[in-house]
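Okay, thanks everyone, let's get going.

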Amino acid sequence: MTITSSSTTPTRTETRHYSQLIGGEWVQALDGATLEITNPYDDSVFATVPASTRADTEQAVRAASAAQKEWAEMLPATKQQLFLRAADILESRTAEIVRALAEETGCGAGFAHFQISWSANLLRQAAGWVYQPNGELLRTDNFHTFATAERKPLGVVASFTPWNGAHVLAWRAVVAPLATGNTVVVKPSELAPVTAGLLIGEILTEAGFPKGTVNIVTHSPEAAADVAEEFYENPAVRCIYFTGSANTARIIAPKAAAALKRTVLELGGYNQIIVADDADLDHAAKTVAFSAFFHQGQICMNARRVLVHRTVCAEFTEKLVQLAQQFPQGDPSDPITVIGPLITDGAVQKTVQAIEDATRAGARVLTGGKANGRVFEPTVLIDVPANVSLASEETFGPVIVVHPIDSDEEGVAMVNEGSYGLSFSVMTADIGRGINISQQIDSGAVHVNAPTINDEPQSPNGGVKDSGWGRSGLSGLDDFTEIRWTTVEMKKRELPL
Ligand code: NAD
């Protein structure tokens with residue numbers, strides 16, 4: 001039975017009119033243009049933000065560049081205080097941010113609280129990280145020589161932050177570059193400029209981060225390519241950190257490469273779970289339901305297909321369908337809601353289309369399959385043929401495909417034939433079997449008896465193949481630094497000339 005949560009509609013936050021952050025100043029777009037941000041659940045106006053162009057972006061890059069040297073040279077003790085203060089301020093604003101995430105991105109309370117606690121933890125880890133050794137003492141065949149390999153910041157990092165895990169992924173895209181001595185220009189998704197950008201600017205400003213260390217430029221969808229041009233062409237930008245889809249990465253990466261700039265790409269996935277015939281099926285069904293339906297399927301690590309040993313497939317599927325029918329759906333501002341709205345009408349249409357294509361080709365919908373407004377029912381399908389998009393592409397809706405397999409080998413082959421490689425799980429009572437299966441999978445992350453949605457600030461999250469490259473959180477050290485080799489000769493060396 002589906003429980004609908006919106007018997008009483010929570011009141012909305014009054015529409016707030018934001019400025020953007022450039023060089024420590026809160027400013028409007030140079031041409032004064034603004035963009036309305038609407039609530040995906042009911043289309044009420046959540047906020048207005050500046051609709052910038054490339055000219056605003058150029059100012060933001062200039063401010064970031066001007067601030068970079070001083071920021072890189074700031075004493076660790078001072079940086080530590082700033083990161084710790086930012087964590088405290090973030091937590092003190094929890095209620096407001098939970099609400100903003102619901103009203104701007106349709107995010108339920110569970111995921112919103114996770115986003116805040118994860119981000120505060122990231123900031124506190126960064127505060128400790130600034131005291132970590134910053135390089136190595138090298139051995140050398142030259143007598144009396146002192147040689148080091150020291151990590152140096154790149155300069156300005158341009159961070160494209162997404163709407164889907166808006167707050168946590170924006171902190172992720174800012175903290176590692178900052179901790180390594182870079183300054184940042186954030187270009188949040190036009191669907192979530194407040195939670196994926198401006199709120200972070202407010203918190204870092206209040207914490208006392210120097211002017212220009214973080215700059216936030218908001219814009220309309222039409223201006224995205226133009227704003228991005230500044231990042232490719234401005235020589236101060238040394239790295240483009242993109243979190244989004246593989247399709248957009250295919251536009252950005254060649255342009256960055258032509259400008260000989262580094263990219264870090266955190267992209268989508270077609271994440272799969274193998275359920276072995278010895279698995280605890282209740283636990284497996286709960287793990288799959290969470291992996292598939294959390295945040296209504298709009299997380300890059302959501303599971304899209306579950307490969308179940310044929311002998312237990314019917315029993316497992318029945319349990320999964322029962323769970324799918326129990327999640328409260330409706331207004332994400334209501335704390336009991338589990339399944340809120342998809343972000344746009346386009347996202348709903350894409351999900352409907354994918355299900356229609358699959359059913360036309362012979363698939364069966366076991367539960368769900370319909371949208372009420374933008375709230376899409378948790379959906380389970382079976383008999384999905386290999387030639388439809390649901391068998392290889394992320395829907396970004398709460399949809400899971402069940403597929404029976406006859407052996408572990410068949411499951412491993414099916415997972416590896418896909419083009420993505422972000423997150424994978426296997427459920428089994430035999431840990432050795434789980435490790436054996438997981439080690440054969442081409443994926444940035446593999447988990448035994450854990451959900452595909454699995455992340456901690458210190459974990460090396462990231463993808464292989466079409467899921468991108470580079471690692472997020474505080475393990476992305478190499479991505480945001482260059483190594484400088486330094487030698488010092490203490491005695492005059494005999495030279496051959
Ligand atoms: P998207 O690819 O549509 O990217 C949107 C971003 O690209 C926006 O900032 C937009 O302004 C910008 N953009 C659009 N056209 C552009 C152009 N021509 N030039 C430059 N920039 C342009 O992604 P999305 O739909 O917003 O996000 C969802 C995707 O992100 C999913 O595929 C999801 O799996 C992925 N994702 C991955 C991770 C990860 O850590 N691996 C995390 C979150 C989301």
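When I say helix or strand, I mean a DSSP run, with helices being H or I of at least four residues and strands being E of at least two, numbered from the N terminus. What you see is a predicted model, where local features need pLDDT of at least 70 and side-chain atom pairs count only at pLDDT 80 or more, while totals for chains, interfaces and linings use all residues. Residues are numbered from 1 along each chain as its sequence is written, and side-chain values use heavy atoms, leaving out hydrogens and water.

Let's start with the overall layout. The domain assignment gives domain 1 as 2-267 + 467-484, and domain 2 as 271-448; such bounds come from an automatic or database assignment. Their centres, taken over C-alpha atoms, are 30 Å apart. The contact between them (heavy atoms within 4.5 Å) takes 29 residues from domain 1 and 31 residues from domain 2.

Now, Ser 220. You'll find Ser 220 in the loop between strand 10 (214-216) and helix 7 (224-233). Is it buried or exposed? Ser 220 counts as buried because its relative accessible area is 14%, and buried means under 20%, exposed over 50%, partly exposed in between, with a 1.4 Å probe and protein chains only. Setting aside neighbours within four places in sequence, Ser 220 is in contact with Leu 35, Ala 51 and Glu 190. Gln 81, on the other hand, is 139 residues away from Ser 220 in sequence and 35 Å away in space, C-alpha to C-alpha.

Next stop, Thr 243, which sits in strand 11 (residues 237-243). Thr 243 has 10% relative accessibility, so this one is buried too. Not counting residues up to four places away in sequence, Thr 243 touches Phe 160, Pro 162, Leu 169, Arg 172 and Glu 266.

Then there's Asp 479, in the loop between strand 24 (468-469) and strand 25 (481-489).

Last one: Phe 146, in strand 7 (residues 145-153). Phe 146 is partly exposed, because its relative accessible area is 41%.
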